[in-house]
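Biologist: I am new to this structure, and I would like to go through it with you step by step.

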Amino acid sequence: YLQKFHQLGAEISRNKDIEAIKEMSKHYNWTNNFDDIFKNNTFEALVLTDLSKRILWVNSGFTEMTRYSKKFAINKTPSFLQGEKTSSETKKRIREKLLKELPFKEVIINHKKDKSTYKCEVKIFPLRNSTTTHFLALEKIAL
């Protein structure tokens, strides 16, 4: 029963996160198909940034993954998660792919609040109305 209860809690949390993104979508008039994005991709953390890569919103999975609070993350760029073990080549590839404004996947070494490292699989989707206005990152621990 405990395992089923945990699965149900995770599903409720996931649905709540997806609904939050869909509500923001109404505000910004994004034309992305979020049903397809979320149907075809798993995530632990969600990170919404503006075009300057400033974090506007994260879900609670972000805090669980990184140990940084939502309040701490807001208005920072995701670079605060990077450190000495983060590959400069990976960072460069991510910057170049963001400029193309197409969905992509990368794996990057990030650092938690306690400075321990983790491999993070990041799938980034440009969010558009008539132009790209934001980026949504779906993140999970890479094995």
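What follows is a short exchange of questions and answers.

Modeller: This is a predicted model, in which local features need pLDDT of at least 70, side-chain atom pairs count only at pLDDT 80 or more, and totals for chains, interfaces and linings use all residues. Residues are numbered from 1 along each chain as its sequence is written, and side-chain values use heavy atoms, with hydrogens and water left out.

Biologist: Which residues in helix 1 are buried?

Modeller: Helices (H or I, at least four residues) and strands (E, at least two) are DSSP runs numbered from the N terminus, and helix 1 covers residues 2–28. Its buried residues (under 20% relative accessible area, 1.4 Å probe, protein chains only) are covered by elements including helix 2 and strand 5. Those buried residues are D17, I18, I21, M24 and S25.

Biologist: What is the relative accessible area of P126?

Modeller: P126 lies in strand 4, and residues in contact with P126 (heavy atoms within 4.5 Å) include N32, L102, P103 and F135, leaving aside those up to four places away in sequence. P126 is buried, since its relative accessible area is 1%.

Terms used:
The expected span of a helix is 1.5 Å times one less than its number of residues. Buried means under 20% relative accessible area, exposed over 50%, partly exposed in between (1.4 Å probe, protein chains only).
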